[in-house]
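Hello,

Here is the structure I promised to pass on. Have a look at it first, and then read my notes below.

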Amino acid sequence: MGISRRKFLGWMGAAAGAAAASMKPKAAAAAAAKSFPGHPDSLGVLHDTTRCIGCRKCEAACNEVNNLPKPEAPFDDLSVLERRRRTHAGSYTVVNKFSVPGKKDPVFVKRQCNHCLEPACASACFVQAFKKSEKGPVVYNEKVCVGCRYCMVACPFYVPAYEYDKALTPRVTKCTMCAPRIAEGKLPGCVAACPKEALTFGPRKKLLEYARARIAKHPDRYVGHIYGEREMGGTSWLYLSGVDFGHIGMDTGIGDLPAAAYTAGPLAAVPLVVGLWPVLLTGIWAISKRKEKRASDELSAALAANTAAHEQKKREELSALRQKLSKEKEAAVERAVKQALEEAEKEREQAAAEAGKEGGRQHEPAARQGGAEKGEAEQADKEN
Amino acid sequence: MEPDFYTLQGFMTHVKGVIYVLMAGGLVGIPLFWKFLAGRDEKKRTY
Amino acid sequence: MAGEHPTGQRGLFTPFNVVAGIILLAGGVLTVMRFTGGLAAVTALDDNNPWGLWIGFDLLCGVALAAGGYVTSAGAYIFGLKRFHAAVRPAILTAFLGYALVVLALHYDVGRPWRLPYPIFVSPGPTSLLFEVGLCVFLYLTVLFIEVTPAAFEWLKLTRLRALVVKLTLVLTIFGVVLSTLHQSSLGALFLIAPGKLHPLWYSGYLPVFFFVSSIFAGMSMVIFEGTLAHKYLHHKMDEAHKAGTLNVVLSFGKAAAFVMAGYFYIKIIGLAADDNWHYLATGWGLWYLLELFGFVAFPAFLYALGVREKNVRTIRVASLFAVLGVVLNRLNVSVIAFNWHLPLSQWYVPSIYEVGTSVFIVTLGIVAYKFAATHMPILHGHPDFEYEH
């Protein structure tokens, strides 16, 4: 954003110094800086406020040539000059009276659209309803106007008005510099009607020269400034004054930058956001996804390891148990055999003891024992 | 030489118009490129 | 509003319905007035003050407070904060309704509402920031619409369509963040074209950044605030996952909002320094500015911090209310209150009762629509037939 803005301001600088730039050789064309000289031979009006007498003839003419509704107070009623007025849906131009401190005569100033060289309304309009025409007038196309009134917000001169009382077909209204009349080769209505030549119509470049000449010729009569030469990038209507422009209701703090310069930064940021946000956000998503995947991988790995260890342990335990069991089994068998033998022996002994009680003649119930008894018996026989 | 644009407003209208078209291209193109870039990752997962 | 509880009466004439019904009826009358008598019949707008409450509140505040949609879905789907999932649906729904109502409100404000598609389809004016706003709001409304459809599809049992949309979640979320970044900031940038009209304390080259950053905590605060209301009045519609998730969301969003507000406070101070506007602070406008900055940014940020540290949901909810009011105050300051600050007092704009009434009507419309959706669709609870990636 920063770079584009700087570059942009560079263009602005170039545009402001267009006169100087046009004298330089074409090598400058290779540089990034661009200059916008404005339409050549575009027309304008010079308003010399020192000549205006506040007769409202311009208002009447404007009303007539534009077929505007009848005003509340007739145009020869000069009492309306006592309050500060602005342009409205029914009046494209108004004359205001200013009492300037230190001056005995009031100053009259005509107000209307200034027809900027770089119009704020055109820059602001989202349907291109306003266009700076080659001839000079800033023209309005009601066929596309949505009625959002952003132009009225944007205009630094508080000029565009709106038909608030129309329910379904409200238009934005403002001075057209009588574009249709100009096309027919006629003067704008107000200029033609001015009895004091306070308004001069012609090519803007000529008007500037003319104004400078007037200031040079009567340095005591004018302040050394042509309002509109540079204000907001310059306007097609130009003003001369004998007093500080701040005293006659002109905004002297609006600066020389055209409206477009103020919105250029954010506009330049738009494509960057469109291109880089998805890259950044997809990156963040991929990283968090990866983390998530790694975490779940680790979890499942840990789980698997855990299960394996568990199974191994179980297996070991099992085999140990099995071993133990088989040992116990053997022992049990042995024990059982031993027990059986012991029992058999006991029985035999018991039987032998019983046989001894009955007499020595009883014959052998079991071979081995019988043998032993036989021997004993033989021994006993020999002794006998 | 005639300049292409006499006014900044004319120049901006042209330039911003072109940029809006390019932005539409970016909005489609960048996700598609990501799909291509990460396409194999996705496929591996399904096998 | 407390009328509809599972145990309460289910009739048509609950207090909520009666009040809402009266407001909607009045809105109908105002609508007729607007479209028969023009703006002059219902607004206090004039040639010096072409934008009033309908732009300052309905458009600017509406869009800022609907930022919860992109913030929450970005948190859940891009930054991978799974515990936000329960908050995504209500936030997206609020955002969709918010934007739909913004567009509806614009139909009252602009002269020829049927031409609202003109900037996009008939005669685009690409040098205008309003064109950018219009295009983004149009596209984002479409994105939000697609994002809310899964809830409706579940309600209507359209399984296959739902699956298709769910697949697009990531792309839609990223698209939503891009569009939101653009139009949230551009709404601030709208006023850059009028450096002479907006008071220097509010006019700044950083306006787009201010608007974007404040939209982040506006969205979070609104999610918390709206959650408070939903808990109070739609508690029976919430499932356990949602209730458990909400506590999490309140704490996390409270924390995030507090920190973002700290950043916002910082850039606001930088803005003062960048234009060397310190001396204005000692004026009446300066006091008003300081009230906004300290009373409705620093204070709620601090309140949030207290609530988060002590895990006190109540404190966080109070903080969210202040933060929301702060964003409303900021938007009104930029668009209405500090706009045309140098005009004499007699030429100041004060909204008419009809303008206020229309704004109330539109907000009511939003609440009724939200209540309908949250009552009938799986917004505050999951649908039993569908699985969720909680």
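Let me start with the interface of chain A and chain C, where 32 residue pairs are in polar contact, both partners at pLDDT 80 or more. A polar contact here is a pair of N or O atoms within 3.5 Å; within protein, one must be able to donate a hydrogen and the other to accept it, and residues adjacent in sequence count only if both atoms are side-chain atoms. As for pLDDT, this is the predictor's confidence in each residue, from 0 to 100.

Some housekeeping: this is a predicted model, in which local features need pLDDT of at least 70 and side-chain atom pairs count only at pLDDT 80 or more, while totals for chains, interfaces and linings use all residues. Residues are numbered from 1 along each chain as its sequence is written, chains are lettered from A and ligands numbered from 1 in the order in which they are written, and side-chain values use heavy atoms, with hydrogens and water left out.

Back to the interface. Chain A and chain C bury about 4,800 Å² between them, with 64% of that on carbon and sulfur atoms; buried area is the accessible area (1.4 Å probe) that two parts lose on being put together, summed over both. On the chain A side, A:Phe126, A:Tyr158 and A:Tyr164 lose the most area to chain C, together 16% of what that side buries.

There are also 2 salt bridges between chain A and chain C, a salt bridge being a side-chain nitrogen of Lys or Arg within 4 Å of a carboxyl oxygen of Asp or Glu. In one salt bridge, A:Glu142 meets C:Arg112 at 3.8 Å, N to O. A:Glu163 is buried at 7% relative accessibility, whereas A:Arg171, at 27%, is partly exposed. (Buried means under 20% relative accessible area, exposed over 50%, partly exposed in between, with a 1.4 Å probe and protein chains only.)

Which residue does A:Arg212 form a salt bridge with? The partner is A:Glu229, at 2.7 Å between the closest N and O atoms. A:Arg212 lies in helix H8 and A:Glu229 in the loop between H8 and strand S9 of chain A, so the pair ties together parts 17 residues apart in sequence. Helices (H or I, at least four residues) and strands (E, at least two) are DSSP runs, numbered from the N terminus.

Finally, chain A averages a pLDDT of 85, and 84% of the residues score at least 70.

Best wishes
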